[in-house]
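Here are my notes on the model, in numbered points. Please read them with the structure open.

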Amino acid sequence: MTAIDAQLLDIETLLQGDLSGLERSWDTLPPEQLRNEIERYRNAIIAVGNQLSQLGVEVLIRPTVDTESKGGSHAAPKEEDPGSIDDLDPSEWQVPPHCIPIHANVTTYDWDALIAASRFDVIMMDPPWQLATANPTRGVALGYSQLTDRDIQNLPVPRLQEDGFLFVWVINAKYQFTLDLLSKWGYRLVDEVVWVKMTVNRRLAKSHGFYLQHAKEVCLVARKGRDPPGIQRSVGADVILSERRGQSQKPEEIYELIERLVPQGRYLEIFGRKNNLRNHWVTIGNEVTGKGPPKEDAAAMFQGSGVPGAVYGRSN
């Protein structure tokens, strides 16, 4: 058995085993053994990623850096480095104990059951906007690449909330559409939050853009009906300066801002992922487990019929 075969077997064992039992066993390990165990699985994942790359498969895993030949383990990271699996804190892999993750495709989910259970004071969503580009922009790890404007418009957001706030992360190409959609849903724009992305050295973390390089994201804030109970006005600031994090992971400051605005409120995040899970929030999305798409989507993919609501490539 080769080293690669052994690493593949490690991953297969991990995926097929009792993950909750594995996590409990890791909790009992002393720090040095825990680091060794994490390093073993990390190396296995990287080895598989390298093998897939050699086969021409696009992956989101980058090989580790040879720190000994590049100035030691404490060498400063490159400013434009978007991060890798080596940068992950093991504590970020854990699911918060007081959150409610719902693993579902939002286009086929039984929203009526959630609406019957609760209405929400604050809803936040980061839609996977369909862009006018030839290639998907959200990475191969997503169960779907993009959603059409119609699918996003058909979300029952107005029924999920009687009074409260809606926070929507928006891109330039969908700014006007989102303003029109807010009006259609019965909301009024009241504010916006700008997240200025920083590097580890506190400089602008610039990324691609059609005309200008982008170093920020915008979240529109809208209100429907009356202010929710317990609201605290004039809290925080409308500019967040913080480092970029994992893929599609928003800054922790936006959650803190919302929780200060509406203390002890009922919070819902749509299109959330495992790295977005937070205590006292309901989070719905097709990646909240970090273990692949919902079983209905996986079955559809296996049958070759395609994931419901999924679109890839150029927008119409």
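1. Met124 stands opposite Glu269 in E7. The strands behind this pair are E2 (residues 122–125) and E7, joined by 4 bridges and running parallel. Keep in mind throughout that this is a predicted model.

2. Now stay with E7, which spans residues 267–270. Is it covered on one face or on both? Both faces are covered. Tyr267 and Glu269 lie on one side, Leu268 and Ile270 on the other, and all four are buried.

3. E7 has another partner in E8 (residues 281–285). Again there are 4 bridges, and again the two run parallel. Ile270 has Ile284 as its bridge partner in E8.

4. Next, the whole sheet. It is open and has 8 strands, in the order E1-E8-E7-E2-E3-E5-E4-E6. The pairing is mixed. Which strands stand at the edges? They are E1 (100–103) and E6. Each has a single partner strand, so one side of each is left without a neighbour in the sheet. From one strand to the next, the twist averages 20 degrees.

5. Two helices deserve a look against this sheet. H7 (residues 175–184) packs on it and touches E3 (164–170), E4 and E5. The direction of H7 makes about 15 degrees with that of E5. H8 (residues 252–261) lies across E2, E3, E4, E6, E7 and E8. Relative to E3, H8 runs at about 165 degrees.

6. E4 shows both kinds of pairing. With E5 the sense is antiparallel, over 8 bridges. Val194 stands opposite Val218 in E5 there. With E6 (residues 239–243) the sense is parallel, over 5 bridges. On that side Val196 faces Leu241 in E6, and Met198 has Glu243 as its bridge partner. In general, strands of a sheet pair through backbone hydrogen bonds, either parallel or antiparallel.

7. Is it buried or exposed? Ser242 counts as buried because its relative accessibility is 7%, and the cut-off for buried is under 20%. Beyond its sequence neighbours up to four places away, Ser242 touches Trp195, Val196, Lys197, Met198, Arg202, Pro251 and Glu253.

8. Arg202 is on that contact list, so follow the contact back. Arg202 is found in the loop between E4 and E5. At 47% relative accessibility, it counts as partly exposed. Leaving aside neighbours within four places in sequence, Arg202 is in contact with Leu241, Ser242 and Glu243. Arg202 and Glu243 are 41 residues apart in sequence, yet their C-alpha atoms are 7.7 Å apart in space.

9. The loop between E4 (188–198) and E5 (216–224) also holds Leu212. At 63% relative accessibility, Leu212 counts as exposed. Together with Phe210 and Tyr211, Leu212 forms a nonpolar patch on the surface. The three have about 500 Å² of accessible area together.

10. Gly230 lies in the loop between E5 and E6. Its relative accessibility is 46%, so Gly230 counts as partly exposed. What does Gly230 contact, beyond neighbours within four places in sequence? The contacts are Leu261 and Pro263. Gly265 is 35 residues away along the chain, with 8.1 Å between the two C-alpha atoms.

11. Finally, the totals. The protein chain comes to 9 helices and 8 strands. It has 316 residues, of which 36% are buried. Take contacts between residues at least 6 apart in sequence: 72% of them join residues at least 24 apart. The accessible surface is about 18,200 Å², and 53% of that belongs to carbon and sulfur atoms.

Key. Residues are numbered from 1 along each chain as its sequence is written. This is a predicted model: local features need pLDDT of at least 70, side-chain atom pairs count only at pLDDT 80 or more; totals for chains, interfaces and linings use all residues. Side-chain values use heavy atoms; hydrogens and water are left out. Patches are made of residues with over 30% relative accessible area and no salt bridge: like charges are joined within 9 Å, nonpolar side chains (Val, Leu, Ile, Met, Phe, Trp, Tyr) within 5 Å. Accessible areas come from the Shrake-Rupley method with a 1.4 Å probe; for residues, only the protein chains shown count as cover. A salt bridge is a side-chain nitrogen of Lys or Arg within 4 Å of a carboxyl oxygen of Asp or Glu. Buried means under 20% relative accessible area, exposed over 50%, partly exposed in between (1.4 Å probe, protein chains only). Two strands pair if DSSP finds at least two bridges between them. Contact means heavy atoms within 4.5 Å. Axes are lines fitted to C-alpha atoms, for helices over the stretch in contact, and angles run from 0 to 180 degrees between N-to-C directions.
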